[in-house]
Amino acid sequence: MKNLSKQNVINVVNWVLSITLCSFGICLCTKANFGLSMIAAPPYIIHVKMRELFSWYSQGTSEYIWEAFLFVILCIVIRKFKVKGLLSFATAVFSGVMIDFFIKLFGGNAPYESMAARIICFVIGAPVISLAVAFVFRTTMPPQVYELAVGETAKSFNLKIDRVKLGFDIIMFVISVSLSLVLTKGFTGIGVGTVIVTFVNAPMISFFGKLIDKVEKN
């Protein structure tokens, strides 16, 4: 019973850390302005455009509205309403609130002018996001909608999850570029940082995952 209780605590802690660290990392990468990951870029790009029309439309708000849209698309694709998607949306709202909190804490969305500060933000932010994803893989709490969509699509069509993940990443990259060109007439939210994260994300997640497992076993 004590082991079960300890595991439940670890489960919740991993979930909270995954959301908090991911939001913090997204904030740092936003301030760095070298480009966000293909997952974080679409809501950021939409936020940049919508902020011109609605001052209340924050980056965090854009995050969970975008995830609500993804959930609707998921239900259409698999032709089934997933109740767990509502819990995943709640997770997205928590993530959005935390993104707005960190953005406000760091003085807004505008990137730092100092190149040194921008590099520091990216060098810290990118690994922090990978660490957050490593925590996501170690909790049974509701994931965000993107992770849910990958898992449910693979399950519904009996596909290998790694192939589905790759397919989703490619689709998200195309969507990010398309949104940026159409809404901002440029490559807003996409840059060299996007390319770097694409190549180093998986190895960093694996590294942090092994580190977390060692710590939690002790």
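## Helix H3

Helix H3 covers residues 59–78, and its 20 residues reach 29 Å from the first C-alpha to the last, close to the 28 Å expected at 1.5 Å a residue; the expected span is 1.5 Å times one less than the number of residues. Helices here are DSSP runs (H or I, at least four residues), numbered from the N terminus. The model is predicted: local features need pLDDT of at least 70 and side-chain atom pairs count only at pLDDT 80 or more, while totals for chains, interfaces and linings use all residues. Residues are numbered from 1 along each chain as its sequence is written, and side-chain values use heavy atoms, with hydrogens and water left out.

The buried residues of H3 include Trp 66, Glu 67, Leu 70, Phe 71 and Leu 74. Buried means under 20% relative accessible area, exposed over 50% and partly exposed in between (1.4 Å probe, protein chains only). Glu 67 counts as buried because its relative accessibility is 4%. Beyond its neighbours within four places in sequence, Glu 67 is in contact (heavy atoms within 4.5 Å) with Ala 92, Gln 144, Val 145 and Tyr 146. After H3 comes Arg 79, with a positive phi near 55 degrees.

## Nonpolar core

The largest nonpolar core contains 51 residues, and Ile 26, Leu 36, Leu 74 and Phe 122 have the most contacts inside it. Such a core is a set of buried Ala, Val, Leu, Ile, Met, Phe, Trp, Tyr and Cys residues joined through side-chain atoms within 4.5 Å. Among the elements that give two or more residues to this core are H3, helix H4 (84–105) and H5. The largest share, 9 residues, comes from H5.

Ile 120 is found in helix H5 (residues 115–136) and, at 49% relative accessibility, counts as partly exposed. Ile 120 and Cys 29 lie 91 residues apart in sequence, with 9.6 Å between their C-alpha atoms.

## Cavities

The whole structure holds 2 cavities of 30 Å³ or more. A cavity is a set of points on a 1 Å grid over the protein atoms alone where a 1.4 Å probe fits but cannot get out; lining residues have an atom within 4 Å of a point. Grid points are joined across faces, edges and corners, and a volume is the space filled by probe spheres set on the points.

The largest cavity has a volume of about 40 Å³, and its lining includes Cys 29, Leu 36 and Tyr 44. The second largest cavity has about 30 Å³ of space, and its lining includes Ile 26, Cys 29 and Leu 36.

Terms used: 1 Å grid on protein atoms, 1.4 Å probe; cavity = no way out; pocket = protein on both sides within 12 Å on 5 of 7 lines; lining within 4 Å.
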